[in-house]
Amino acid sequence: MHLLVKRRLQHTSSDRTIFCISSFNPYPFLTMHLTHDAVMEMNLLHANQAGADHNRAHFNDWGITCLNVMSSPGAGKTALLERTLEALTNEMKIAVIEGDMTTELDADRLRKWGVPVVAINTGRSCHLDSRMVSGGIHQLELQGDPSQLDLVLVENVGNLVCPAEFEVGEHAKVALLSVTEGEDKPLKYPVMFREADCLLITKIDLAPHVDIDLEQLVANVRQMNSKVTIFMVSAKTGEGLEGWLDWVRSQLQSSMRAAMAIAP
């Protein structure tokens, strides 16, 4: 176990305030063979997990299901969310927390559907973390009563590695992989696929035009995660989307059943 200490330091050459996380380890034998960088990574993941649990508690209190949508850049996250909002906004109250390194281009696309959208620019960070999403939650509170929402969709920064390692308070992780990326990606970037509860193989309309072995792709995914739910979809043509939408509906029902089970 690591005890985290957050120290506030004033930068000597400017007015910027920076934060440094240091640690005290009461069980040094657990980490004596780890590098300094590895220990710091453990501390950061531990601190992030505490924040994620806090965010999830908020969502549970408000009766909200949160889905964390992740993929490499260009796999079709925003297009999928556009089709999802188009189909489900008449059934449920939805908000979006949109992560990008810069710009609000994707956020503006989603705002056209009339739902609350909070844009988070991460700068040099290649993923959202629980602290950033906590800020997004508070922004949603300023826009209205969050207990009136049913679903929060978090569109993570385009990256096939880091987003899978940092929980943000979600109830389920959704990964996307486009047919243009090749069938080897689940083997080369296993964490994303091991962590996913649902995988969407996107841009399926392009499959006849690219060198992709879909059976091998699915086999590689199953090698990493035998239980993940897989849909082959096209946001362009609508192929396969009904299965995805039904899965989203089922997640709301699962979250409601879980909340009822723990209610006093």
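At 24% relative accessibility, D205 counts as partly exposed (that label covers everything between buried, under 20% relative accessible area, and exposed, over 50%, using a 1.4 Å probe and protein chains only). This is a predicted model, where local features need pLDDT of at least 70, side-chain atom pairs count only at pLDDT 80 or more, and totals for chains, interfaces and linings use all residues. Residues are numbered from 1 along each chain as its sequence is written, and side-chain values use heavy atoms, with hydrogens and water left out.

- The chain's average pLDDT (the predictor's confidence in each residue, from 0 to 100) is 86, and 80% of the residues score at least 70.
- Watch out for residues 1-34, where pLDDT stays under 50.
- Where pLDDT is low, the predicted coordinates should not be read in detail.

**Around D205**
- You'll find D205 in the loop between β8 and α7 (helices are DSSP runs of H or I with at least four residues, strands are runs of E with at least two, and both are numbered from the N terminus).
- Leaving aside residues up to four places away in sequence, D205 touches S234, K236 and T237; contact here means heavy atoms within 4.5 Å.
- With S234, the D205 side chain makes a side-chain polar contact of 2.8 Å (a pair of N or O atoms within 3.5 Å; within protein, one must be able to donate a hydrogen and the other to accept it, and residues adjacent in sequence count only if both atoms are side-chain atoms).
- D205 and A235 sit 30 residues apart along the chain, yet their C-alpha atoms are separated by 9.0 Å.

**Helix α7**
- In α7 (residues 214-224), the buried residues are L217, N220, V221 and M224.
- Looking down the α7 axis, those buried residues fall within an arc of 100 degrees, so they line one face of the helix; the arc is taken from the directions from the helix axis to the C-beta atoms.
- Turned away from that buried side are the exposed residues E215 and Q223.
- The cover over the buried residues of α7 includes β7 (172-178), α6 (190-195) and β9 (229-232).
- At the start of α7, a side-chain oxygen of D213 comes within 3.2 Å of the backbone nitrogen of E215.

**Helix α4**
- Buried residues of α4 include M132, V133 and L140.

**S178**
- S178 belongs to strand β7 and, at 2% relative accessibility, counts as buried.
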